[in-house]
Amino acid sequence: MNRIVRSLIPTLSLLVLLVAPGCADRDASTPLAPTAAVPSFNETSAAPDLAAIATFRQRPAVTIAWAKKWIGPEGGRLDFQGFAIDVPAGAVDKVTMFSINLPVDPKGSEHVVAEFGPHNKSFAVPVTIELPLRGTSIEGSATKTIVWWNNGWVDMGGAPTADGARLRTRTDHFSTYATTDTEVGRGGTISASGG
């Protein structure tokens with residue numbers, strides 16, 4: 001072996017010993033820091049108008065405003081604070097990051113609204129989303145519906161879950177979704193009931 005290489009072996013061995021404990025000290029159950037930034041609520045150019053959106057009777061105590069989960073072609077489910085994404089088999093062709101992001105500001109967090117992700121992706125099979133119904137201002141309403149924000153609220157329809165706790169609908173894309181019992185007029189704008 002070359003004299004220079006032999007003289008470097010003790011130095012390299014010491015370096016390995018110094019670096020290895022730093023890796024070993026990390027608790028294997030602790031997740032790695034996320035590579036992407038924490039999602040921020042509604043990064044679209046026009047913020048949604050929440051005036052006609054349902055409110056919680058008692059504002060939920062949200063300490064973490066977002067949840068995310070990798071879901072693959074086999075499907076899966078993400079539940080967070082009464083909101084949910086149910087991904088059927090075949091909706092995506094590769095493992096995809098799904099997310100639910102809630103507003104944290106006092107005015108926004110009293111409303112039944114969330115931003116669902118991923119954005120700019122169409123699903124091969126429609127995905128079911130669920131939003132809280134029980135304990136909201138529209139729980140007993142006959143005209144409750146889910147709407148999505150497209151520079152105006154667009155009616156998606158919706159039906160209560162079997163237990164009545166949530167309102168659900170299917171979609172082939174994600175955006176900001178909310179619940180309301182106000183009629184949605186033509187062009188996606190919310191109008192007063194009856195018109």
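1. Start with a pairing contact. Valine 147 sits across from alanine 178, a residue of E11. The strands concerned are E7 (residues 145-149) and E11, which pair in the antiparallel sense through 4 bridges. Note that this is a predicted model.

2. E11 also pairs with strand E5 (residues 113-117). That pairing is antiparallel too and runs over 3 bridges. Here glutamate 115 is opposite threonine 176 of E11.

3. How many residues of strand E11 are buried? The count is 5 of the 5, over residues 176-180, so the strand is largely enclosed by the rest of the structure. Buried here means under 20% relative accessible area.

4. The burial holds on both faces of E11. Thr176, Ala178 and Thr180 lie on one side, and they are buried. Tyr177 and Thr179 lie on the other, and they are buried as well. In a regular strand, side chains alternate between the two sheet faces.

5. Now the open sheet. It has 5 strands, in the order E2-E3-E6-E10-E9, and the pairing is antiparallel. Which strands stand at the edges? They are E2 (76-80) and E9 (159-160). Each has a single partner strand, so one side of each is left without a neighbour in the sheet.

6. Strand E6 (residues 127-132) and strand E10 (residues 166-171) run antiparallel and are joined by 6 bridges.

Key: Residues are numbered from 1 along each chain as its sequence is written. This is a predicted model: local features need pLDDT of at least 70, side-chain atom pairs count only at pLDDT 80 or more; totals for chains, interfaces and linings use all residues. Side-chain values use heavy atoms; hydrogens and water are left out. Buried means under 20% relative accessible area, exposed over 50%, partly exposed in between (1.4 Å probe, protein chains only). Helices (H or I, at least four residues) and strands (E, at least two) are DSSP runs, numbered from the N terminus. Two strands pair if DSSP finds at least two bridges between them.
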